[in-house]
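Open the structure in your viewer and keep the selection tool ready. This tour goes stop by stop, telling you what to select and what is there.

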Amino acid sequence: MLKHLKCCFPGYKSYMYKKLCKLIAVFILICSVFVLIPKLDVRAEAPEITSVEDFYEKLSEQIYKRETVKNYTVNDMSLMKEIVKIDWNIYAAHYSEEKPLTSGCYMVYYIDKLYYSYKGSALRISVEYPYSDIDMKNHFARLNRLADELKGKNDYETVKNVHDYLIDHFEYDKKTSFENHTDIEGFRDGVMVCSGYGLAAYYLLNSAGVKTRIITGYGGDAFGNGENHMWNIVFVDGKWYNIDVTWDDLGKGKKVYDFFLKSDRDFNNHERLGMYATNEISSIISDTSYRLPLSLTFPSFALRHMRTLILAAVILFTLIKTIIRQKKNRNQVIYYNEEDY
C-alpha cells in the first residue's frame, strides 16, 4: 500500500517534510504559549506585598475596584504570618494621607464579608460586598460632583459648606431602628446615624482637598448617658480640629456650631476609643478651638439655648414689671399720706 502511494505521489517525500516542519512549528508555538503566558498572568494578577502598610493599601484598592477575588504574592514568610494574624479592627483604623479615599477607615464600611487563604507565598483575598457595583459607582460619582460644588475659597469655607450641607439635607435616623450606618444609605433615604454623617464628611472633604480623618469612640453626657459614636477631625490652617456634624444637627435644618472646629478641651462628652485613643491622635489636635466669627457663635448659642433664654427673658420681664408696679404703689401711698397730713 505504501509503495502504491509513493508511486501515485512523486512528491511524497517533499510533502511529508513540509508537513513535519509545520508540526514542529506548531509544537514550538504551543510550548512558547505555556511557558510565557503564565508568567505574565502571575505578574498581572498577583502583585507582591512588601509590608503591612502595603497590604492595607492594596486591599483597599481591591475593595474600591469591587474585585471579589484577588491574588497576591508575599515572598517574606514572616510578613505572611503577620498578615494572616492581623486584627481587622486595626485595618478599620487604617488611614493613608496620600490615598484617603481608599483608606481602610472608609472602605471597611463597604464590605460585607472578607476571607483569605494562603499557601507558600501565594495569598488570596475574597470579598463579598453589600451593595451592587452600579450603586457604588453612582454613589462615588455623586460624592465627587458634590465635593466640587462645596469646595470653598479656603479650607475653612469648604469645611463649613460640607457641615451645613449635610445638616440642611439630612436628618438623624430615628425611624429605621438606626440601620442607616453608611453615607450611601443616607443619600438613598435622606436619614442616617452618626457613622453616615462621619463617612459622608470624610469623603466629601478629602475629595475637596481638605485632610480629614474618621474618629470612633464614645459620645455621652456627664451622667453616663451615651453610646458608641463617630465624628471627624479636620486639618484647617495648619492645625487639626474636632468636628461633629451629627451633634450640630438639631433637626429640620436647624444647625449650631457647638462642635465645629473645636479643641479637645471644648469638645465636651467625646471620648476616643480603641485605635484612636493614642498619643499620636491626641498630640496633633489644636490646643485651642478655631476662632469662629460672631455671626456663627451667637446664633448658635441662642438656638441651642432658646428655651432657656426665653424663660430667662420672661422671668426678667416679670421681675422688672413687679419692681415698677411696687415703685408706683409706693409713690401713691406717699402722696395720699401727704394729703391726709
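Which residue forms a salt bridge with D164, and how far apart are the closest N and O atoms? Select D164 and K160: these two form the salt bridge, and the closest N and O atoms are 2.7 Å apart. Bear in mind throughout that this is a predicted model.

**Stop 1: the pair in helix α8**

Keep D164 and K160 selected. Both sit in helix α8, and because they are 4 residues apart, about one helical turn separates them. D164 has a relative accessible area of 10%, so it is buried, the cut-off being under 20%. K160 is partly exposed, with a relative accessible area of 22%.

**Stop 2: from the helix to the sheet**

Show helix α8 as residues 155–169. The helix lies across β7, β8 and β11. Against β11, helix α8 runs at about 125°. Next, select helix α10, residues 194–207. Helix α10 also packs on the sheet, where it touches β6 (212–220) and β7. The direction of α10 makes about 15° with that of β7.

Now colour the strands. The sheet is open and has 5 strands, in the order β11-β8-β7-β6-β12, with antiparallel pairing. Start from the edges: β11 is 260–262 and β12 is 270–272, and each of these pairs on one side only. From one strand to the next, the twist averages 45°.

**Stop 3: across the strands**

Select β7 (residues 226–236) and β8 (residues 239–243). They run antiparallel and are joined by 5 bridges. For one of these contacts, pick N232: its bridge partner in β8 is I243.

Move on to β6. Antiparallel to β7, β6 is joined to it by 9 bridges. Click G220 and you will find G226 of β7 standing opposite. With β12, β6 pairs over 3 bridges, again in the antiparallel sense. Here, G219 has H270 in β12 as its bridge partner.

How enclosed is β6 by the rest of the structure? It is largely enclosed, because 7 of its 9 residues are buried.

**Stop 4: L205 in helix α10**

Select L205, which lies in helix α10. At 2% relative accessibility, L205 is buried. Show its surroundings, leaving aside neighbours within four places in sequence. L205 then contacts T158, V159, V162, V210, T212 and V234. For a distance check, pick the C-alpha atoms of L205 and N161. They are separated by 9.7 Å, and the two residues are 44 residues apart along the chain.

**Stop 5: H139 in helix α7**

Jump to helix α7, residues 133–150, and select H139 there. Is H139 buried or exposed? H139 is buried, with a relative accessible area of 6%. Which residues does H139 contact, once neighbours within four places in sequence are left aside? They are Y106, Y110, D183, I184 and F187.

**Stop 6**

The structure holds 11 salt bridges. Side chains of opposite charge can pair when their charged atoms come close. Two such pairs come next.

Select E57 and K99. Their side chains meet in a salt bridge at 3.9 Å, N to O. This pair links distant parts of the chain: E57 is in helix α3 (residues 52–64), K99 is in the loop between α5 (88–91) and α6 (104–107), and they are 42 residues apart. E57 counts as partly exposed, at 23% relative accessibility. K99 is also partly exposed, at 43%.

Then select E97 and K211. The N-to-O distance in this salt bridge is 3.5 Å. E97 has a relative accessible area of 44% and is partly exposed. K211 counts as partly exposed at 25%.

Show the surface and select L316, L319, I320 and I323. Together they make a nonpolar surface patch of about 370 Å². Click I320, which lies in helix α14, residues 306–340. I320 counts as partly exposed, at 44% relative accessibility.

How values were computed
Residues numbered from 1 in each chain as written. Predicted model: local features only at pLDDT ≥ 70, side-chain atom pairs only at ≥ 80, totals over all residues. Heavy atoms only, no water. Pairing = 2+ DSSP bridges. Helix = DSSP H or I, 4+ residues; strand = E, 2+ residues; numbered from the N terminus. Axes fitted to C-alpha atoms, helices over the stretch in contact; angles between N-to-C directions. Contact = heavy atoms within 4.5 Å. Patch = residues over 30% accessible without salt bridge, like charges linked within 9 Å, V, L, I, M, F, W, Y side chains within 5 Å. Areas by Shrake-Rupley, 256 points an atom, 1.4 Å probe, with all protein chains shown as cover. Salt bridge = Lys/Arg side-chain N within 4 Å of Asp/Glu carboxyl O. Buried < 20%, exposed > 50% of the residue type's maximum accessible area, 1.4 Å probe, protein only.
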